[in-house]
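Have a look at the picture first, and then read on.

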Amino acid sequence: MEITTIIKKIRDHALNRVEKFISGLSVREQQLFINEVVRYCDQIYDSVLHKSHRNSDKDLNFIDFSLPIAFRYLYKDYNKVEGCPITPSTTQSIHSVKAFLDICFKAGTMENYEELLRFGILKYELITEKNARLSYVNTHYSIERYEKTKTVKYSHAMLNSLEDEYIKGFSQLPKIIKKMEKLVYTWNYNFIGYDADPEVDLFFIRNAQLDFVQATEWDGFEYTSKFGDIEYHFFLDALIAIESICLKHLQFVEIATKKDPNLKKVNILPLVVDYDVFLDSLTFILGVSKEISENIFDMFIYDETKKEYYGHIGTPVPLFTRISSTQLLRSFTGCIYKPIDFMLSEIKRQYSKDWDRNTRGREQLFRNELYKCFDSKRFITFNRSIDIFENGRIITDIDACIFDKETGDIAFIQLKWQDLIYESTRSFISKRKNYIEKSQKWVNDIEQWVNAVSEKRIADFLHLSPQLINKDKIKLFVIGRHNGNYSGDEKPHSNTAWCQWYNLLELIGAFASESITITKLFDLIQKESPYNQKNELKTSVIRYGNYTVEMVAPPYNQA
């Protein structure tokens, strides 16, 4: 496309530089350079967690856009390659990897822009021969970003609710640190080692468990759902174990660098681990057979078989990367920053049939969670989907229904639980289209049915007395799990309240339990709609040689 000339020129030139950068590296040098790449990103993410500067959003953006490019071009098949030596980073190696990742970031950003242009999300404006400007096409944009902030707000609320647990745990931290000080030691001048201790292990396992409670991504399946004959909770248990080990390692790193000022954090934050040794530890922790443990562990390892799938922009950072026939490089970033996304991506990819089968149970799970928000003494709820049919033909169904005995209000609800993960902008656009079209069809079908039939007919489907039914008191709701609304040119029609689950929980929390009414909730959802929120605009600039690309958009939000 001619309009993307500047973006394409930058992307092509940057990718060509990436290829040239690594073209002369031997296999051993490639292994070492991958280590440098992960070390550099782990340093960035560590600084984000410590809030040591104000550019944390840009740094996370840098990781998301640079790593897929770096791994796409740098990573080779190391399954039959001998072990990688562990060497410390130098000023020169750090400078080299920074320059490399800067190029990767600009290439990745241009790839992302091209994809967004291809699917009509962005528009392109040529300002001068070497300067272009990008901005959103839709009248209402960044709706998904706004709703993501509601998910994060819910996580923070969960974190606050666990304050006593965290305080109780951290009251033990001084004692744990004293014990860890005796366990850690400098190894080979530039690295560290430490001995095991059950009390220390349990402390960090508990911390990882608390972190999981506030996460919202993992709850898409019942604990007993099976993937490849492995119950879902074993994957979660493995992830908790991996995160706890990584958190423990971080604390050992902090202690070690204070004890020995000559140690450099960049050398010891990521860790090269032996595959068999880590597998044995995971097998013991999970209490399963080695075969099952290996199937689970391999989910979290990036290797040649996963290279193509994780080569696109925005994919989650690998927890482990195979760098030899026996060794894995464990990334601190991968283990702490969106590890659930990586796990779910792999479960969906490797067990697609099981994934589809298990998602069928989400509606009941969603319905049960929704009904818990309404007092059973006041509200009648229907613990089933209600099929609506006329003349022997099913017209539609009602996923959830709530009747208020005091006011006579009735909520007809469509529940939509789409996958949190998507592989590309193309799959996201498809997800958005599917959501909007199916939900709008449901709204139209329900409206037509309610208008066409008698109140007695409605009562028959609800198994209620006809005297309780008043058509004017029926409210329609569409509630999506992770997304309730999407960017576009039109607002949803005012006859329906469209809402995202975590936003709904926030709104319900604004009421005392005895004062919640269906009408109040309907009105508040519409009032608080993301379409009514104002976006703060900010221009970000990518400079590459003599070229400049400006992106006019809300500030980047990593939520």
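A salt bridge here is a side-chain nitrogen of Lys or Arg within 4 Å of a carboxyl oxygen of Asp or Glu. How many salt bridges does a search of the whole structure find? The count comes to 33.

Before going further, a word on what you're looking at. This is a predicted model, where local features need pLDDT of at least 70 and side-chain atom pairs count only at pLDDT 80 or more, while totals for chains, interfaces and linings use all residues. Residues are numbered from 1 along each chain as its sequence is written, and side-chain values use heavy atoms, with hydrogens and water left out.

**Charge pairs**

Side chains of opposite charge can pair when their charged atoms come close.

| Pair | N to O distance |
|---|---|
| E363 and R367 | 2.9 Å |
| E369 and R481 | 2.6 Å |
| E437 and K433 | 3.0 Å |

Helices (H or I, at least four residues) and strands (E, at least two) are DSSP runs, numbered from the N terminus. Buried means under 20% relative accessible area, exposed means over 50%, and partly exposed is in between (1.4 Å probe, protein chains only).

Start with E363 and R367: both sit in helix α16 (residues 362–371), four residues apart, or about one turn of the helix. E363 is partly exposed at 27% relative accessible area, whereas R367 is buried at 3%.

The salt bridge between E369 and R481 ties together distant parts of the chain, 112 residues apart: E369 is in helix α16, and R481 is in the loop between β16 (474–480) and β17 (496–500).

Elsewhere, K8, R11, D12 and E114 are linked in a network of salt bridges.

**A strand on the inside**

Why is strand β14 (residues 400–404) largely enclosed by the rest of the structure? Because five of its five residues are buried. Both faces are covered, with A400, I402 and D404 on one side and C401 and F403 on the other.

Strands pair if DSSP finds at least two bridges between them. β14 pairs with strand β11 (residues 379–381) in the antiparallel sense over three bridges, and I380 stands opposite F403. β14 also pairs with strand β15 (residues 410–416), antiparallel again, over four bridges. There, I413 is the bridge partner of A400. β14 and β15 make a hairpin with five residues between them, and G408 in the turn has a positive phi of about 80°.

**Patches on the surface**

Patches are made of residues with over 30% relative accessible area and no salt bridge; like charges are joined within 9 Å, and nonpolar side chains (Val, Leu, Ile, Met, Phe, Trp, Tyr) within 5 Å. For charges, Lys and Arg count as positive and Asp and Glu as negative, with His and the chain ends not counted.

D274, D276, E291 and E294 form a negative patch. D274, in strand β7 (residues 271–274), is partly exposed at 33%. I86, Y185 and W187 form a nonpolar patch, with about 290 Å² of accessible area together (Shrake-Rupley method with a 1.4 Å probe). W187 belongs to strand β3 (residues 184–187) and is partly exposed at 41%.

Note on methods. The place of a charge is taken as NZ of Lys, CZ of Arg, CG of Asp or CD of Glu.
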